[in-house]
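Q: I have a model open and would like to go through it with you. Could we begin with the charged pairs and then move on to the rest?

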Amino acid sequence: MNLPNKLTVIRIIMIPLFVVVALMPLNWGVWHMWGSSIELTQLVAAIIFALASLTDWLDGQIARSRGLVTNFGKFADPLADKMLVMTALIVLVGQGLAPSWVVAIIVCRELAVTGLRLLLVEQGGTVLAAAWPGKIKTMTQMLAIIFLLIDNFPFAGLGIPIANIMLYICLFFTIYSGIDYFVKNSSVFKGSM
């Protein structure tokens with residue numbers, strides 16, 4: 001197993017650690033920053049999530065720069081991203097920090113694209129690698145989750161929480177990238193309806 005694939009596996013292993021820290025009733029106190037108060041438990045959960053998210057960027061950079069792109073990586077990397085993001089979003093809904101309707105749309109898109117990936121592999125052995133809209137979607141989802149975990153800092157004094165801005169940007173790219181994948185791969189459905 002090459003280094004990028006090891007980083008992907010590490011990302012998957014970090015998911016239960018994130019869940020334990022985010023959901024355990026730990027009272028580590030409060031940290032005051034920029035006029036806001038952050039529970040240290042949430043801050044630690046955000047750091048764990050951020051580190052796990054960083055492995056996504058690292059494994060891609062290393063795989064491309066060293067020519068270590070594998071079918072396992074094309075499959076496992078987006079799967080690890082989905083597992084990490086969906087777990088965090090479900091935790092955030094449970095904590096009342098993310099609207100369930102937004103998370104439902106994100107989860108449905110992820111399941112639909114995963115189904116499309118399976119159809120492509122079954123019909124032609126093609127592994128659908130992440131396209132740029134999907135990469136932007138993943139990045140904005142991860143940033144939104146980090147901001148939702150650490151609190152809603154007002155954006156430029158306008159009173160609009162950065163977390164909410166990022167969440168709706170990620171919702172846009174979630175929908176856009178899902179449509180993009182299906183439009184570009186619509187041939188998989190020809191003659192099946």
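Q: How many salt bridges are there?
A: The count comes to 8 salt bridges, a salt bridge being a side-chain nitrogen of Lys or Arg within 4 Å of a carboxyl oxygen of Asp or Glu. This is a predicted model, in which local features need pLDDT of at least 70 and side-chain atom pairs count only at pLDDT 80 or more, while totals for chains, interfaces and linings use all residues. Residues are numbered from 1 along each chain as its sequence is written, and side-chain values use heavy atoms, with hydrogens and water left out.

Q: Which residue meets Arg-11 in a salt bridge?
A: Asp-77 does, with 2.5 Å from N to O. Arg-11 belongs to helix α1 and Asp-77 to helix α3, so this pair ties together parts that are 66 residues apart in sequence. Helices here are DSSP runs of H or I with at least four residues, strands are runs of E with at least two, and both are numbered from the N terminus.

Q: Are those two buried or exposed?
A: Both Arg-11 and Asp-77 are buried. Buried means under 20% relative accessible area, exposed means over 50%, and partly exposed lies in between (1.4 Å probe, protein chains only). For Asp-77 the relative accessibility is 19%.

Q: What else is Asp-77 in contact with?
A: Setting aside neighbours within four places in sequence, Asp-77 is in contact with Thr-8, Arg-11, Asp-56, Asp-59 and Phe-72, where contact means heavy atoms within 4.5 Å. A network of salt bridges links Arg-11, Asp-56, Asp-59, Asp-77 and Asp-81.

Q: Where does Gln-141 sit?
A: Gln-141 is in helix α5 and counts as buried, at 2% relative accessibility. Beyond its neighbours within four places in sequence, Gln-141 is in contact with Val-85, Ile-106, Glu-110, Cys-170 and Thr-174.

Q: Cys-170 and Thr-174 are in α6, then. What about that helix?
A: Both are among the buried residues of α6, which also include Ala-163, Met-166, Leu-167 and Leu-171. Helix α6 covers residues 162-184, and at 1.5 Å a residue its 23 residues should span 33 Å; the end C-alpha atoms are 32 Å apart, which agrees. The expected span is 1.5 Å times one less than the number of residues.

Q: Changing topic: which residues touch the most other members of the largest nonpolar core?
A: Of its 34 residues, these are Phe-18, Phe-49, Leu-89, Leu-92, Ile-145 and Leu-149. A nonpolar core is a set of buried Ala, Val, Leu, Ile, Met, Phe, Trp, Tyr and Cys residues joined through side-chain atoms within 4.5 Å. Two or more residues come from each of α1, α2, α3 (71-94), α4 (100-124), α5 (132-150) and α6. Helix α5 gives the most, with 7 residues.

Q: What does Phe-18 touch?
A: Leaving out neighbours within four places in sequence, Phe-18 is in contact with Ala-45, Ile-48, Phe-49, Ala-88, Val-91 and Leu-149.

Q: Finally, how is the whole protein arranged?
A: There are 6 helices and 4 strands, running α-β-β-α-α-α-α-β-β-α from the N terminus. Of the 193 residues, 42% count as buried. Among contacts between residues at least 6 apart in sequence, 72% join residues at least 24 apart.
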